[in-house]
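Please read this briefing alongside the sequence and the 3D structure shown below. The points are grouped by topic.

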Amino acid sequence: MKKLMTGNEAAALAAMLAGPQVVAAYPITPQTSIAEKLADYTARGELRARYLKVESETSAMAACIGGSLSGARCFTATSSQGIALMHELLYWAAGARLPMVLVNVNRSMASPWSLGVDHNDTLSQRDTGCLQIYCETAQEVLDTILIAFSLSEEILLPVIVAMDGFLLSHYTEPVDVPDKEAVDRFLPPRKAEYKMDPEKPCTFGGGVGAQVLYELRKRMQADMEKAVAVYEDICARFEGVFGRRYAPVETWNPHGAALGIIATGTLSGTVRAYIKHNKGKADAGLVKMRLFRPFPRARLKEALSGFERAVVIDRNLSPGSGGIFAGEIRGAFYGDRDRPPIFSAIGGLGGVDVTPASVENLAADVSGRAPESNDIIWMEG
Amino acid sequence: MREIKFAGRGGQGAVLASQILAAAFSEDGWFVQAFPSFGAERRGAPVSSFLRIDSEEITLRCGVLSPDWLVVFDSSLLGNPMILAGVTENTSLVVNGTAAPDASGLPGFKSLYTVDATAIAEGLRLKTTSFSIVNTAMVGAFAGASGLLSLESVASAVGGMVPVKKEENMAAAREAYEKVKEVFK
Amino acid sequence: MEVLERKTEQIYPGSFSCPGCSLNLAYRHVLSELGSNTVVVTSAGCGSVVAGYYPATTSKVPFFHCSFGTAAATAAGLRAGLDMQGRADTRVVAWAGDGGTFDIGLQSLSGAAERNDDILYVCYDNEAYMNTGVQRSSATPLGSWTTTTPFASTEDRPKKDMTAIVAAHGVPYIAAACVSFPEDLRKKVRTAAGMKGFRFIHILVPCPTGWLHAAKDTVKMGRLAVLSRVFSLYEIFNGRDYRLSPMGAKIPVTEYLSGQGRFKGLTPEQQEIIQRDVDRQWKRLQGLAGGDEGGAS
């Protein structure tokens, strides 16, 4: 059924439909309406969960760890400073192989205080062992959360679903709301193999020797590599039930342009709008990355194989290095004899608008650049 | 694609106005995208909201740079550069006021409509302690001025979305739809 | 009535607050008593936003915006650094809301209190996370609506007794004050300013936006809170010597509760519970203060 809603409303709705039993959340702009909507659903009995109104994000993640250990399905949502406060515990949850879904509404990190969107908050968690999936529309937010629960519970790692603050969390748009009954078919209740159960007592997380830790990390990497295929299988199942298709990387090049613009989050939508309406000059195609962890190396390379050159728009900055996506994307081509020139652009930090005009300027700039150019291209309006 | 900007003061319902129209246009088969201005908002401070409508899916995600329509809930806001940002000779204005506002301070625009939404709201006792609730009248005025929505579509969307005083709010929208008039072209 | 000495303001006009906001009023009173040789740290919340967006600031004294949970620790570090540079006379103030004090800031507050760090910690308490849109905090009173305790399921826990928690750390001075009693508040600031060690002032600041009353009734709500003893005024010396402040004759809580939309969902039964709890706490406070009635204002 089609309804108008914001990304945040779609997230709360998806969380409700997925039927988590433990929800823990602490308010932070621009996530707050998710926490409020879930409180509303719980108060009215539409969501049968224990909702812990915790006193900080560290406790929100700690509560999800506890809840997941009990075998329950768990959900939390946060943003910027909040996910930063969860940092230690994201390593913990991933290391303990605990499924849960965390929705992060992307917002720049202080200092200074800034409410605008950029992706440093989630990207700063890229080494924790949690999966990361980026969304472009409210529909994707809703669908990805459902997929994320399934993925998390199969892979036994937390999944972070990222959506742009304000540009997605607060934009009202049409969303096809799935039936609860269809959701239940797609996502049955969690069946935890390992949990804290007096019938089958185990101890979790005690000290290990070096070799054991090494093995655990190798296993985590192996499971992460498998996770791309698991994600694709779950997306295929999702398409079967709901009719909408998702992939780790998506390409759209209607004009057969030579230049590929690699983007994630709502930037993809603006690039789409540019491609649709550009009058033939500085033409481009879109390569949209959904999955960032695990990094979908093979799918990315397939997507770029149709282009002569590419530019990555990073809505993030690793100071002293550069754009994070660009670094990993270029790294994916290491050792390949044939690799396209991949330029690195940074735009939209702090929520600065990236408009079709700024995309056009970038495309024009990059089309003429020397292939070995390695400077960061700072996007202007 | 058409882009509409609504400007009011925090508490006057500018954000709800964009939501109501989003619902009305969506019912009529348009693709829509609506959003408020961002940042810490305080009661009484200027607040804008935005609506995009199109016959195909709207994928664009950035602010509205030059609105086709600017709907102003409080004529005192016409002096505010933040409110007027992006107004060009292609922008039509709908202003809550009793007479044509002093247009000399305004940049070029395409046409100007006025409606006394405050009087309409007060006639129907649509008030809080601080403000007359003019948003539903302004929604009706926009529909009447632009011709993009029928009276019934707008009234129905108003009725479906206002939290209280459904009948009065629908009446406000209808009255403003009829009474809005073009003052400048 | 005592004539107050005219002190210099330490804030500029133009703060970014809602109409009827009382936290900025409280801040103004506190800072004008402390004077210009003061540095302020404020954590996330209304107090931070109200102080202005770059490039504007309302603060005449040095002012730092810190992360949500760290006001006390940041202030403690500032104090240490200033002391080491021979600036022991400069006052260090942590200015934090109920969220940043009772909840996420509790750990760093406890640390600073336990170490007896020489800072003045002032908590402006509007009883919810107001800046992010009125979500409940552990300062939210029983029966209150907030966006995370909607009318279908209002706040079901009593307000956390923050001064008792700080008192358990044995700090030199704690005061409970209300912005609606400015002379009393200013006197407490002067008392605190004349001491060393960890000093804590808890100020009730009614908020029309979150308490759902008219902007013009803010000061009245504070008066009613105190008169009904929902929020009593007192001081605690060394964590154990209680002294009541003049408050005026006690009135029933219904007079306080009935004026606020956030309590619209209270059943008569809940109101009785609230009256009973208020009476019990007032009796306990009187006992702790050695039976001192507190007199008329």
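**Sheets, domains and a chain contact**

In chain A, strand E2 (residues 22-24) runs parallel to strand E4 (residues 74-78), and two bridges join them; strands here are DSSP runs of E with at least two residues, helices are DSSP runs of H or I with at least four residues, and both are numbered from the N terminus. The model is a predicted one, in which local features need pLDDT of at least 70 and side-chain atom pairs count only at pLDDT 80 or more, while totals for chains, interfaces and linings use all residues. Residues are numbered from 1 along each chain as its sequence is written, and chains are lettered from A and ligands numbered from 1 in the order in which they are written.

**The sheet of chain A**

- An open sheet of seven strands in chain A has the order E3-E2-E4-E5-E7-E6-E12 with mixed pairing, where two strands pair if DSSP finds at least two bridges between them.
- Strand E3 (50-52) and strand E12 (291-293) of chain A are the edge strands, each pairing on one side only.
- From one strand to the next, the twist averages 20°.
- Helix H7 (residues 138-155) of chain A packs on this sheet and touches strand E5 (101-106), E6 and E7 of chain A, and its direction makes about 165° with that of E7(A); axes are lines fitted to C-alpha atoms, for helices over the stretch in contact, and angles run from 0 to 180 degrees between N-to-C directions.

**The domains of chain A**

- An automatic or database assignment sets the domain bounds, and for chain A the assignment gives domain 1 (2-242) and domain 2 (249-378).
- In chain A, 27 residues of domain 1 are in contact with 23 residues of domain 2, contact meaning that the C-beta atoms of two residues, placed from the backbone, lie within 7 Å.
- On the side of domain 1 of chain A that touches domain 2 of chain A, H9(A) gives the most, with five residues.

**The sheet of chain C**

- Strand E1 (residues 38-42) and strand E3 (residues 91-97) of chain C pair in the parallel sense over five bridges, and C:Val40 stands opposite C:Val93 in E3(C).

**Chain A against chain C**

- In this interface, 17 residues of chain A are in contact with 19 residues of chain C.
- Helix H2 (residues 32-43) of chain A gives the most to the side of chain A that touches chain C, with six residues.
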